[in-house]
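Please open the structure in your viewer and keep the selection tool at hand.

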Amino acid sequence: MIDLRLLHTLRVLHSEGTVTATAHALHLSPSAVSQQLRQLAQQTGAELLRQDGRTLRLTPAGRVLLRHADVLHAQWEQARADLAASGGGGRLTLRVEGFTTTMASLLAPTAHELRDARPPVRVLLHESDTRLSYQRLLADQADIAVLTPHPDSPTVDDPRFAQRPLLDDVLDLVVPVGHPLAGRRPVDLAQAAAEDWITPHHDQDRLIQALCAAAGFTPRRLHHSDEWPAILAMIGHGLGVCLVPRLMSVAGHPRVVRVPVQGSPPPFRRVLTVVRQGSEEQPAVAAGLAALRERAAVLTREPAGE
């Protein structure tokens with residue numbers, strides 16, 4: 001009988017590429033990871049991995065085993081859901097990952113609602129980026145991730161994850177009070193082609209560059225910050241403009257104006273909920289997904305100005 005723990009190590013290795021990265025993701029030592037992989041090869045009687053520079057690559061036999069490992073782990077997640085349903089009652093714990101702009105408007109209110117639900121759910125929030133969220137889900141260090149996918153993210157049909165759209169976070173052009181575009185609703189993004197731009201963190205900056213390129217220009221990027229409050233402060237002081245998601249409120253920044261951008265649809269970033277395949281029916285996960293959908297529905301009805 002193959003140990004599921006060893007199969008899980010193979011799955012994480014396939015995702016991370018190296019023994020060192022796998023050890024970091026699983027909170028193990030590299031020697032422990034290597035030992036588990038050797039044990040798995042011995043139990044299967046097959047060569048599962050080959051060295052390719054500093055990276056370990058799966059052999060054809062390793063890929064066959066990986067497909068079965070994904071199926072077995074999805075079944076294990078479903079078994080956990082069935083066991084929890086048969087046990088009934090008790091306080092539930094849910095670990096939720098999210099990126100910065102989801103914390104105040106989406107995740108904190110959801111955690112508050114779940115704390116007062118029946119049965120109550122204790123929510124542990126953790127801020128992380130997209131890649132880390134997938135990694136922590138796979139390593140069973142998180143139960144739900146709220147994220148925006150990247151070009152190098154797992155595909156929508158990846159057998160390890162169940163990925164569902166949660167909301168489309170529309171991007172507005174934010175300009176200083178008194179700016180010529182401040183009184184126009186909506187505007188073409190190309191009207192900001194001659195502006196100085198303030199760039200946010202890497203993932204959002206990459207999206208902004210793609211949107212500006214589609215509008216026919218390259219933004220003149222003069223200032224940078226990873227923090228939205230700092231970006232809004234710079235905009236308020238007339239240092240430039242930026243495309244800001246609606247999940248980021250500007251209510252505390254009276255010197256800036258949010259201007260909708262034309263488009264059908266307007267520019268947006270898609271926000272997903274991601275869980276391990278097979279875990280959706282676990283009581284805490286199911287409650288969390290339902291509460292997130294309810295909160296997302298409220299946010300999409302709120303006016304853009306705040």
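The stops that follow visit helix packing and then a pair of strands. The model shown here is predicted.

**First stop: H1 and H2.** Select helix H1, residues 4-16, together with helix H2, residues 19-26. The axes of H1 and H2 come within 8 Å and cross at roughly 120°. That angle makes H1 oblique to H2, and the crossing is right-handed. To view the contact, display the side chains of His8, Thr9, Val12, Leu13 and Glu16 in H1, then those of Val19, Ala21, Thr22, Ala25 and Leu26 in H2. Sorted by class, the contact of H1 with H2 has six nonpolar, three polar and one charged residues.

**Second stop: H1 and H3.** The crossing of H1 and H3 is left-handed. On the H1 side, select Arg5, Leu6, Leu7, Thr9, Leu10 and Leu13; these meet Val33, Gln36, Leu37, Gln39, Leu40 and Gln43 of H3. By class, the contact of H1 with H3 has seven nonpolar, four polar and one charged residues.

Move to strand S7, residues 196-199, and strand S8, residues 220-224. In which sense do S7 and S8 pair? The pairing is parallel, over four bridges. Select Trp197 and look for its bridge partner in S8, which is Arg221.

Notes: Residues are numbered from 1 along each chain as its sequence is written. This is a predicted model: local features need pLDDT of at least 70, side-chain atom pairs count only at pLDDT 80 or more; totals for chains, interfaces and linings use all residues. Side-chain values use heavy atoms; hydrogens and water are left out. Axes are lines fitted to C-alpha atoms, for helices over the stretch in contact, and angles run from 0 to 180 degrees between N-to-C directions. Helices (H or I, at least four residues) and strands (E, at least two) are DSSP runs, numbered from the N terminus. A crossing is left-handed if the near helix is turned anticlockwise from the far one by less than a right angle, and right-handed if clockwise. Contact means heavy atoms within 4.5 Å. Ala, Val, Leu, Ile, Met, Phe, Trp, Tyr, Cys and Pro count as nonpolar, Asp, Glu, Lys and Arg as charged, and the others, Gly among them, as polar. Two strands pair if DSSP finds at least two bridges between them. Angles under 35 degrees count as roughly parallel, over 145 as roughly antiparallel, 65 to 115 as roughly perpendicular and the rest as oblique.
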